Amino acid sequence: VHTIVAKDIHPILLLPADHPRLSRLVAFILGSAMSLGFAPFGWSLLLPLLLLPLLYVCKMVSPRDAGGHAFWFGLGMFLTGTYWIYISVHVFGDAAPWIAFLLMIGLAVIMAAFLWIAGWLISRLSQGEAWQMLLVAPASWVLVEWTRGWFLTGFPWLALGYAQIDGLFAGWAPLLGVYGVSFMLVISTTAVLVALTSTGTLRIVAVAAVALPWLSGGLLLLPDWTEPLGNPVRASIAQAGVSQDKKWDRDQLRPIMEFYRRSTSSVPESEIIVWPEVAIPALDDQVGGYLNLIKSDLRNSNRSVVFGILERSFEHNPDGNIYNSVFILSDGEQQSYRKRHLVPFGEYFPVPPAVRQWMKMQNLPHSDLTPGDAEQPLLVANNGVKMSTAICYEDAYGNEQLYAFPDAGLIINVSNDAWFGDSIAPHQHLEIARMRALEVERPVIRSTNTGISAFIDANGRLMQTGLQFQAEVMTAEVQPRAGSTPYAASGNRVVIGLCCLILVPCWIRGRSGRAS
């Protein structure tokens, strides 16, 4: 335990050392409340208050104990923030309750293990020193947050920066992306702790470090990093509102197809009409006549229909590969985009053949989709607007989409959040989509099967949202943009490089100190 030099310390501050089990329970409760900072609750200012006690523990106790507290904090955070996994696996995936429960708990434990690393690093590298804490804490947290966003395909949900989309910290997003926003949040929170536990010049520096990220972020919200490209585009979103448990009933296929064709005809002035992910519940070669009918409706017009569908292709496999694709139909050549970042245990199953056979016997999904290429040609609407495309939770991997910029004038996101029912997940997903808009300063047209469909402007603000679980047709004017934000040009390299520049010397210094 790091030495605590004080005579009159409140007993609650000694809790981590004197009552570690109770202290871990408190950490779990604090972590459980973290989900309140994210959509749909949006209590973003709660996050610094909840983080502060954890950072205090990391400053005062050994690395092992700090990691333990951070683990329980993370377990609470991910259980309350991603409980909807149980809904998708059991309620709509028809898996047994115990399977869904184990998957939900397993993911939460894995994500909490990442926070164990963050807590261990903060304690290990700061060595209880306030000035080191000021730099080590944000660097450690963000490096771990970034790592869990790609390691073993990644799960970047609940990155702290997403909760700040409506606050002053959001001004950092076009410069440093969502992880840069997380960095500023943690450094400001750590500075509060340093200011409370330090004196003299260090306290003055800490007070400045509390305020500067907020003030700078607010000022960074003022300039535009990009500029309008051409005229505004009239766009429409069609949402059938069919729940996941009914969507694949064969009796639903014709009504769904009729809804989308009718909805498209109802907005003749719209240049771009977007339907959701796998809007038509069939393989593309099973509904070829319907697709030709849509093309016929678009003939001799400046209109384009963008929609998701399962695509069967024999170009690389005589047995056929199945892709989760987006097609664009217009008066010109048909184009497609194939989903690159597939969902493990949802769109592909990294399991041995014996396990796959067991899943088949349990009537569980067990067939793999095929991922598309890492970089693909941009979809181009009939009016010439180039679009970046993300299918479902691909939009949580913002760095993977940056190859599309600055050429893309806007972002298309099609999704199917029906898998999560009436939970917090669709709201969290919309918050992620808003961050993608702000990072690259491009408007987003987001169409989902049951909501939340939305038009998002280039500053991440909601222009218009639809109701959940209802049929909707929405229309809005969106302004394509040209140019690059600093983040679009550099990606995560700047903020991750900064984290490494902070942590590597601290690691070397710590090893040298112990060797001597």
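Let me start at Q127, which lies in the loop between α6 and α7. Helices here are DSSP runs of H or I with at least four residues, strands are runs of E with at least two, and both are numbered from the N terminus. Before going on, the basis: this is a predicted model, where local features need pLDDT of at least 70, side-chain atom pairs count only at pLDDT 80 or more, and totals for chains, interfaces and linings use all residues. Residues are numbered from 1 along each chain as its sequence is written, and side-chain values use heavy atoms, with hydrogens and water left out.

Q127 is not a glycine, yet its phi is positive, about 55°. Most residues other than glycine have a negative phi, and most peptide bonds are trans. Q127 is partly exposed because its relative accessible area is 33%; buried means under 20%, exposed over 50%, and partly exposed in between, with a 1.4 Å probe and protein chains only.

L152 also has a positive phi, near 55°, and is a residue other than glycine. L152 sits in the loop between α7 and α8. With 69% relative accessibility, L152 counts as exposed.

Now the helices on either side of that loop. How do α7 and α8 pack? Helix α7, residues 130-147, and helix α8, residues 173-197, pack at an angle of about 150°, and their axes are 9 Å apart. The α7 helix is therefore roughly antiparallel to α8. The axes are lines fitted to C-alpha atoms, for helices over the stretch in contact, and angles run from 0 to 180 degrees between N-to-C directions. Under 35 degrees counts as roughly parallel, over 145 as roughly antiparallel, 65 to 115 as roughly perpendicular, and the rest as oblique.

Which residues meet there? From α7, they include M133, L134, W141 and W146, and from α8, they include Y179, F183, V186 and I187. Contact means heavy atoms within 4.5 Å. By class, the contact of α7 with α8 has 16 nonpolar, two polar and one charged residues. Nonpolar here is Ala, Val, Leu, Ile, Met, Phe, Trp, Tyr, Cys and Pro; charged is Asp, Glu, Lys and Arg; the others, Gly among them, are polar.

One of the α8 residues in that contact is S182. S182 counts as buried because its relative accessibility is 0%. Leaving out residues up to four places away in sequence, S182 touches V142, E145, A159, L160 and G161.

Last, the cis peptide bonds. The bond from F405 to P406 is cis, with omega near 15°, and P406 is in the loop between β8 (386-391) and β9 (410-415). The bond from G451 to I452 is cis as well, with omega near 15°. I452 is in the loop between β10 (444-448) and β11 (454-456).
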